Amino acid sequence: MVNRVYNFYPGPATLPETVLATAQEELLNYKGLGMSVMELSHRSAPIEELISTAEKNLKELLNIPEDYRVLFLQGGASTQFYMIPFNFLPKGKTANYVITGNFAEKAYKEAAKVGQVHVAASTKEENHTRIVTKEEIQLSNDAAYVHITSNNTIFGTQWQEFPEFAVPLVADMSSDILSRPFDVSKFDLIYAGAQKNLGPSGITVVIVSRKFLDISAEQNIPTMLKYATHAEKNSLYNTPPTFPIYMVNLVLEWLKEQGGVEKIEQQNRQKAQILYDVIDTSDGFYKGHAVKDRSMMNVTFRLPSEELEKRFVKEAEENGLVGLKGHRSVGGIRASIYNAMPVAGCEALADFMREFRKKA
Ligand SMILES: *Cc1c(COP(=O)(O)O)cnc(C)c1O
């Protein structure tokens, strides 16, 4: 095997090694068809089968109710920011946003270009060091939907329990989908760019209720921006990114082999604990950005000085621990430890953190 490092990049992010090996093995000849999966026509039966298998695998893993659809779309999670209000924010209604991070704010700003919006709660003044409490959320009258971001990739906070409202709930789950079980039926739409927990970049997974698809079908908007278009055509209205869909399906099959979402959650809790323990027992040398609602996916922390942070990143890299520089709005260090990061990767980072502190 090639020498691989532990990759803590926030996204595109590390993928299971066995998934990459399978892709390599099948690259020249997919299922005995004598060509690569990326050379197959999107109108061919093997691609139709691939897409329906990927939908089936995701439904199985997340226990998605029968009347929901799984769509494979393009344009990243960022395209969902405006596609959602285009479909579900009619005149006279207000879209409600809970702003717990940069991406939540971006989603809000895009919706503001489409229709009327309302900030139902925000942690911006505290630089997003926590998730809002249920009591802090104040919905507007005539709310069309409430939008939340399940995991704040940049700040390292994560909803511990999802809120429930009398209006439809929409969630950006780009950085923690499939990291833990949850009740899909509480949401009308869930979306996730694949490049964190699902596969390579270039594909966005959308889980959408029948109710929302019916609303979407009635909208007079561009065809490609309409969820109903993609649901009716099984994500084959136009040419989808077939290779990324293939990769996502391999990741889903890998996850099933790991024992599914319950099993991976246990492992994710263990992995995050390994790092938070080092932070919490460092006598303030490592200082976590999140004060509560700490994320299992993105562990963010500072060191006593920016100089030490620079050295930390550099020396970590020399030790095969790559991609640890934090986002500029938080600074410091961010360790992204998505599903595909093995426990051994977190242990190696924890060892490095203890050693670094001793030397500093
Ligand atoms: C990465 C990320 C995005 C942006 O995704 P793109 O696919 O680059 O548009 C949006 N939301 C969250 C929570 C993310 O982590």
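Predicted model: local features only at pLDDT ≥ 70, side-chain atom pairs only at ≥ 80, totals over all residues.
Residues are numbered from 1 along each chain as its sequence is written, and side-chain values use heavy atoms, with hydrogens and water left out. Local features need pLDDT of at least 70, side-chain atom pairs count only at pLDDT 80 or more, and totals for chains, interfaces and linings use all residues.

**View 1. The shell around the ligand holds 13 residues.** Ser78, Thr153, Asp172, Gln195 and Lys196 come nearest. Helix H3 (residues 76-88) gives the largest share of the shell, four residues. Helices are DSSP runs (H or I, at least four residues), numbered from the N terminus. Three shell residues are nonpolar, eight are polar and two are charged. Here Ala, Val, Leu, Ile, Met, Phe, Trp, Tyr, Cys and Pro count as nonpolar, Asp, Glu, Lys and Arg as charged, and the others, Gly among them, as polar.

View 2. In the side chain of lysine 196, an N or O atom is 2.7 Å from an oxygen atom of the ligand. For a polar side-chain atom of glutamine 195, the distance to a ligand oxygen is 2.9 Å. Alanine 77 uses its backbone: an N or O atom there lies 3.0 Å from a ligand oxygen. The protein buries 85% of the 390 Å² that the ligand exposes when taken alone. Accessible areas come from the Shrake-Rupley method with a 1.4 Å probe.

View 3. A salt bridge is a side-chain nitrogen of Lys or Arg within 4 Å of a carboxyl oxygen of Asp or Glu. Lysine 59 is buried at 18% relative accessible area, and glutamate 55 is buried at 11%. Buried means under 20%, exposed over 50%, and partly exposed in between (1.4 Å probe, protein chains only). Arg69 joins Glu55 and Lys59 in a salt-bridge network.

**View 4. Arginine 130 pairs with glutamate 126.** Arginine 130 is buried at 13%, whereas glutamate 126 is partly exposed at 35%.

**View 5. Lysine 358 pairs with glutamate 355 in helix H10.** The N to O distance is 3.3 Å. Lysine 358 is exposed at 66%, and glutamate 355 is partly exposed at 42%.

How values were computed
Near = heavy atom within 4 Å. Polar contact = N/O pair within 3.5 Å; in protein donor to acceptor, adjacent residues only side chain to side chain. Helix = DSSP H or I, 4+ residues; strand = E, 2+ residues; numbered from the N terminus.
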